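Welcome! Take a moment to look over the structure below, and then let us walk through some of its features together.

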Amino acid sequence: MITAETETDIRRDLIDVALGRTPADVLLRVGRLLDTNTALWREDVEIAISQGRIAFVGPRGSFAGTALRVEDRPECAAVPGFGEVHKHIESSHITPEYEAAMVIPHGNTWTCEASHEFSNVVPDHTLDFWLAARKAGSPLKIFPLPGSAVPPTAWEHGAHLDGVDQTRFLTESLMCAGLDEVMDWPAVRDRDNPAHTRLWSMIAATWNARAVVEGHAAGIRDLPGINAFAASGIASDHEAWTAEEAFDKLQAGLFVEIRIHTGPEIIAGLLERGLKDWSQVALATDDRPASDVLADGATDRNVRMAIDAGLAPEIAIQLVTINPARHMRLTPWVGSLTPGRFADVVLLSDVAKLTISEVWADGLCASQGDRYLLDIPKIDWPNWARETVNIGRSLSAQDFTIPAENGRETMQAALLRPFHWTDDFITDELPVIDGAVQRDAARNITKFAIIDRFSGTGAVSKMFWLGCGPRDPDTALCCSMAHDKHNIWCVGSSDAAMALAVNTCADMQGGWVLVHQGKVTATVSYEIAGLMTARPAEALNAEMQALYAAGKAVDWMFEPSFHPRWAAGFPERLAFATLTCSPWRWNLVAPSAHAPQGLVQVQTGQTHPVVW
């Protein structure tokens, strides 16, 4: 852990090692070393390591002291441990001690954790959770950024963080690096928005600590909007989808964090525009499930993408080392292979292909090839992390029924489809049977619900959705991961199947549940905060593959949405369709006094009945 007290002791000891007064723990010799401060290579270098930190870097034979052990890797090129400038570890769905074992073989030794997922579930324990693994001996350095989106908008209730909380977080730990992405741009921009004062109090508290305010400028592509966003003092954006948008945001002074979805296009486009200084650019993972990491890689995948898009390897490596470290003001500890920094070293056997031979973390060889070598600390996660699903009662089919007005044979219904970003919802006429408004599978109209999992009231909001659920009878899918509030969402072809799925999810304390033709056919456990599991990535992946296999037996509706990554088949991305940040307009949230039926225009607070 980083504290002012331990830092002063360690650094005084490092002075003695660097001057040869006391022996180093290890002297690591490499064929060459990338100086990320200059993007130049140093040939035939030795690194003296003490107490998990670098004490000395120089040409072979230049270290004046002795070492307890010498390790020679003349065939390898050394680069700093890779860092994540913006990542939600919750989207890996494994707890931090297992995240370390998964990502360190891919070169990732430090992460800026964007904590609005966990913070929306257990806000008061934000730092307790993210620092626990490091305290227990995990080599992955997690720098938490408490969530600004707690709650995501003024129209959602429950967990709440403000400037007082942010001041406490930043005072408690030097590991706390800033404020997680500010997503509710309408609340920042508009002084009459009910969340305006809360958000600005968090921003001000972050500035008072000289920390970083991260941003989320999705859908802000016009020059007045980009300029207004930059003028707010929010420092970054990771939501650019095109090279033109990224370039405009760079020119406005924003730090641009490029994700892999459109990374090749953005990097190629920035090169075409003649970008010479890449210091305001980093590569970001954002959300990536463990199954995807096991299949395709972690931060190393991002770097290979950048190289393939035309960046020199040295610049691509800067985008995951010194650039994010400078932006997040973490250069005393990470970002370069220089004295005082953590002894986190990625040893490459092939720089151009970014082939990782070994990864050292805290001065220890933590992985060779794809094999993690260190012990995984055993953490007994307390009840505040394990008991987070509180529906308060067993739900029935009636909880998901949408009643009609007396005497009506049809009703008008508000419809949404996944990632519906237009100003108006869709309307259609639906039949009424036995006093209840009905789905219409022939027109791809099904039912979607949000279940409050925090208050213990069993409150359910429900409406009709277009083309995003099962067509088979008595079939439903639900999950306790519902960005960003993380209530339970459920989509289903019958009310009884939806009740069965949600009750099963609650009994599990979170995860995925698939009900097919009246029977539970697959489950995935997220027993920690309803978002993660305290198990290895491979164990989680086995459950996810079983869920996907069971999902193949289901006939899924499909209606194209506005989102470029929405595809036919198992609707896993419904977990993101519940977002209420820009560019969303209308969406369904848990019932509240403001929006009793849950249908709300999240930029203005306007509400509307789901049927009329």
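Which residue lies over the face of Trp41? That residue is Arg32, at 4.2 Å from the ring centre. Keep in mind as you explore that this is a predicted model. Another charge over a ring is found at Phe342, where the charged end of Arg53 sits 4.3 Å from the ring centre.

| Pair | Distance between ring centres | Angle between planes |
|---|---|---|
| Phe448 and Trp465 | 4.0 Å | 20° |
| Phe448 and Trp489 | 6.0 Å | 15° |

The planes of Phe448 and Trp465 are at 20°, so this pair is stacked. Phe448 belongs to strand S20 and Trp465 to strand S21, so their pairing ties together parts that are 17 residues apart in sequence. Phe448 and Trp489 are stacked as well, and because Trp489 lies in strand S23, this pair links parts 41 residues apart in sequence. Phe448 and Trp465 are both buried, and Trp489 counts as buried at 0% relative accessibility.

Finally, look for the second largest pocket, with a volume of about 280 Å³. Its lining has 17 residues, and among the closest to the centre are Met102, His106 and Asp370. Helix H2 gives the most to this lining, with three residues.

Note on methods
Residues are numbered from 1 along each chain as its sequence is written. This is a predicted model: local features need pLDDT of at least 70, side-chain atom pairs count only at pLDDT 80 or more; totals for chains, interfaces and linings use all residues. Side-chain values use heavy atoms; hydrogens and water are left out. On a 1 Å grid over the protein atoms alone, a cavity is a set of points where a 1.4 Å probe fits but cannot get out, and a pocket is an open set with protein on both sides within 12 Å along at least five of seven lines; lining residues have an atom within 4 Å of a point. Grid points are joined across faces, edges and corners, and a volume is the space filled by probe spheres set on the points. Helices (H or I, at least four residues) and strands (E, at least two) are DSSP runs, numbered from the N terminus. Rings of Phe, Tyr and Trp (its six-membered ring) pair if their centres lie within 6.5 Å; planes under 30 degrees apart count as stacked, over 60 as edge-to-face and the rest as tilted. Buried means under 20% relative accessible area, exposed over 50%, partly exposed in between (1.4 Å probe, protein chains only). A charge sits over a ring if NZ of Lys or CZ of Arg is within 6 Å of the ring centre and within 35 degrees of the ring normal.
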